[in-house]
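Let's take a walk through this structure together, picking up the terms as we need them. Have the sequence and the 3D view open, and follow along.

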Amino acid sequence: MNEERDEVQWTDGEAEDLKRLARSEELPADLEDRIVARLSSEGLLGRRVLPWWRQLWMPWALAGTAALAAVFLLGFSLGQRAGADSAASMMAEVRQTRDLEQAIANVQRTGSAYVTALSALGHLSAAQSTDPAERRQSQEVALSALYAAAQELVRLDSDDPVAARLLQGLEAERLRQVSAQDSQQEPKPRKIFWN
């Protein structure tokens, strides 16, 4: 080495060590320790640098744990909501079934009351000699109620042929009575047979 070009000023002992180092084949055992100690004391050696995957494992682990917790909580809340919706729809079905059963019971009671009232009306008109106008009025009332019931029956199941024929027969009878009233003639009693 040329001492004139070196920027570092070597002490006499260091210069002799360098010359001897260049000639010797084997390095002293404590040389590495001395070099590291001196570089550290001068601040030229920093702390040990870890590879990027070892430096970033902690943030990645924390992010992964947070993501797992978020997915778990999201799944839990969605499961709770689906369960609540399912329970609400099941309760609505139960309520609807109960309402349907009540409606069926009401139709049955009302139908029985209708038949009972018609029977009582028939007994009253047979027992008392009523005039034809009163008899026609009671028959119109009974047919009107039956006509309204037939319309609802057709709305309930429009494909039912019995309900459709019942409604057609009642409409024909109603038209016959209306036309008879318009002509001021008393309608002739007519028998209707249902198939």
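This is a predicted model: local features need pLDDT of at least 70, side-chain atom pairs count only at pLDDT 80 or more; totals for chains, interfaces and linings use all residues.

Start at Glu 152, which counts as partly exposed because its relative accessibility is 45%. Residues are numbered from 1 along each chain as its sequence is written, and side-chain values use heavy atoms, with hydrogens and water left out.

Back to Glu 152: its side chain meets that of Arg 155 in a salt bridge, at 2.3 Å from N to O. A salt bridge here is a side-chain nitrogen of Lys or Arg within 4 Å of a carboxyl oxygen of Asp or Glu. Both Glu 152 and Arg 155 sit in helix H5, three residues apart, which is about one turn of the helix. Arg 155 counts as exposed, because its relative accessibility is 60%.

The largest nonpolar core has six residues in all: Tyr 147, Ala 150, Val 154, Ala 163, Leu 167 and Leu 170. Helix H5 (132-156) and helix H6 (161-182) each supply at least two residues of this core. Such a core is a set of buried Ala, Val, Leu, Ile, Met, Phe, Trp, Tyr and Cys residues joined through side-chain atoms within 4.5 Å.

Now zoom out to the whole chain. The chain exposes about 17,000 Å², and carbon and sulfur atoms supply 59% of that; accessible areas come from the Shrake-Rupley method with a 1.4 Å probe, and for residues only the protein chains shown count as cover. Among contacts (heavy atoms within 4.5 Å) between residues at least 6 apart in sequence, 49% join residues at least 24 apart.

How many salt bridges does a search of the whole structure find? It finds five. One of them pairs the side chains of Arg 34 and Asp 30, at 3.6 Å from N to O. Arg 34 is partly exposed, with a relative accessible area of 44%, and Asp 30 is partly exposed too, at 39% relative accessibility. Arg 38 and Glu 42 meet in a salt bridge at 3.2 Å, N to O, and Glu 14 joins Arg 38 and Glu 42 in a network of salt bridges. Arg 38 counts as partly exposed at 45%, as does Glu 42 at 47%.

Next, the aromatics. Rings of Phe, Tyr and Trp (its six-membered ring) pair if their centres lie within 6.5 Å; planes under 30 degrees apart count as stacked, over 60 as edge-to-face and the rest as tilted. By this rule the count comes to one aromatic pair. Phe 72 and Phe 76 form it, stacked, at 6.5 Å centre to centre with 20° between the planes. Both lie in helix H4 (residues 57-127), four residues apart, about one turn of the helix. Phe 72 is exposed, with a relative accessible area of 56%, whereas Phe 76 is partly exposed at 49%.

Technical notes. Buried means under 20% relative accessible area, exposed over 50%, partly exposed in between (1.4 Å probe, protein chains only).
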